[in-house]
Amino acid sequence: SSSSATGPYTQTLERDLSFFTSHAPPAPETQTPYYVLSTAAAKLSLTTQKDALDRMLLRWKNSLPSSSPSFTIQPFLSVKTQPHQALLRTARECGFYAECITIAEIKAALAAGFAEDQIILTGPGKFWEGPNTFQLPKELKLRAIFADSLEDLRRIISFSTSTPRGPLGAEIVGVRLSLGGKSRFGIDSSDPQTLLDTACLLKSLPESTKLGFHFHHASSNLGPQAWWCGLESFLALTASIATISNHSVHVLDFGGGWQPHFLSHPETEDGMIRIFDLMTKYHPSVETVQFEPGKSVSERCGALVCRVLEIREFVRSCDSSYPSATTVTATSQLEEGDEVMINDSNSPSSSAVSVSSSTASSTSPSSSSERRACIVDACIAELSVSALHVHPLLWRPSVSTPAAADSWSVLDHDGTTKGS
């Protein structure tokens, strides 16, 4: 559970928050509310996740005979989760490639220094202004493009007839599958006729085109066990589609959508080793396995900073099973004028935001009792609050001395504070 009081979630949370506050202290003279983004914290998250994937692959390789089929792992940053140039450049420096869903994002990735063959294009709206949008290089050669529907696949195949390497020069053409309708993205795998049509369309691709399949189901939504089961079904299903299409599979993309602590959990490594074993059984020709972390990278390296306008008390009944950390938790130590930092970079990356007089409040989840809530100078649209995402809260007193400017403390779910 992401709200567990112990284990990988707590460990990575404390590490990330400590690193964030030590590398990105907001300027006290800046008018609230505003956003901050720490590239140092992003680099820590990027390298930690890449190292974890490399460690899993090494462990799997060491358990096999030298003659066994092998593959490489390539992580991609999901550009849509935080397309700030500073984060894109940091990801590239850490060995990540770029996963884009629009032509605009491709342009952003190129501006950040990614090579053309380090970019893949996915999503349902990739050609909403046509493949030549934004005057991309005429000889652009992307790494891969994945269809999100049958119509999208037909469009991609029609582009493939006009260039030897397919649409936008992609070396790899593939499809994204939705298993059991549990994702709003991808081709519906619950309809046999749809799957047969998919296989027949893939069969019409040029022989020189490499085939790939994309799995897009967030483990943070499904839960880890359902995610593992979904991956196993995905491997078996894509093997059948590949057989009908007369194409061998060169690339498998397992997506992202996991919590920041997912790869640190001891059960994750065992689960990934099992998937690698199964994958080489169904797809011995696979050369590369791709992952697309996004929110797990960026959500702990950014924050919204706002000011406490008012403290109020009221009685509110909350389900005790709700996640044990929420956006804003009141405490007797909070006073009017204090600043609060909501650790969440899924909000826009602007350095300053103009907001209306609307305010937002939240309380600590527990049984019915009198609670103290803080009213802050940011509207709810900027807080990006969701029960699926735990947003830690940091606070500091009204800045009156240079020392107080950096004295951020983590506010726990029970109203107590931890060391700054």
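One definition before we start: a residue is buried when its relative accessible area is under 20%. Also keep in mind that this is a predicted model.

Let's apply that cut-off right away. Take Thr 90, which is found in helix α3. Is Thr 90 buried or exposed? Its relative accessibility is 8%, and buried means under 20%, so Thr 90 counts as buried.

What does Thr 90 touch? Leaving out residues up to four places away in sequence, the contacts of Thr 90 are Thr 39, Lys 43 and Leu 46. There is also a polar atom to look at. A polar atom of the Thr 90 side chain lies 2.8 Å from the backbone oxygen of Ala 86.

Now step back to the helix itself. Helix α3 covers residues 85-93. Together with strands β2 and β3, helix α3 makes a β-α-β unit, and that unit is right-handed.

Next, strand β2. Find residues 72-78. Six of those seven residues are buried, so β2 is largely enclosed by the rest of the structure.

Which strands pair with β2? One partner is β3, residues 97-100. The two strands pair in the parallel sense, over three bridges. Look for Leu 77, which stands opposite Ala 98 in β3. Another partner is β10, residues 288-291. Here four bridges join the strands, and again they run parallel. Thr 72 stands opposite Thr 288 in β10.

How many aromatic pairs does the structure hold? The count is 14. Take Phe 254 and Phe 291, an edge-to-face pair: 5.7 Å centre to centre, with 80 degrees between the planes. This pair links distant parts of the chain. Phe 254 is in the loop between β9 and α9, Phe 291 is in strand β10, and they are 37 residues apart. Phe 254 has a relative accessible area of 0%, so it is buried. Phe 291 is buried too, at 0%.

Both rings belong to one aromatic cluster.

The charged end of Arg 274 sits over the ring of Trp 228, 5.8 Å from the ring centre. Last stop: Lys 281. Its charged end sits over the ring of Tyr 282, 5.7 Å from the centre.

That's the tour. Thanks, everyone.

Key. Residues numbered from 1 in each chain as written. Predicted model: local features only at pLDDT ≥ 70, side-chain atom pairs only at ≥ 80, totals over all residues. Heavy atoms only, no water. Buried < 20%, exposed > 50% of the residue type's maximum accessible area, 1.4 Å probe, protein only. Pairing = 2+ DSSP bridges. Right-handed = clockwise from strand over helix to strand, strands pointing away. Polar contact = N/O pair within 3.5 Å; in protein donor to acceptor, adjacent residues only side chain to side chain. Contact = heavy atoms within 4.5 Å. Phe/Tyr/Trp six-rings, centres within 6.5 Å; stacked < 30°, edge-to-face > 60°. Lys NZ or Arg CZ within 6 Å of the ring centre and 35° of its normal.
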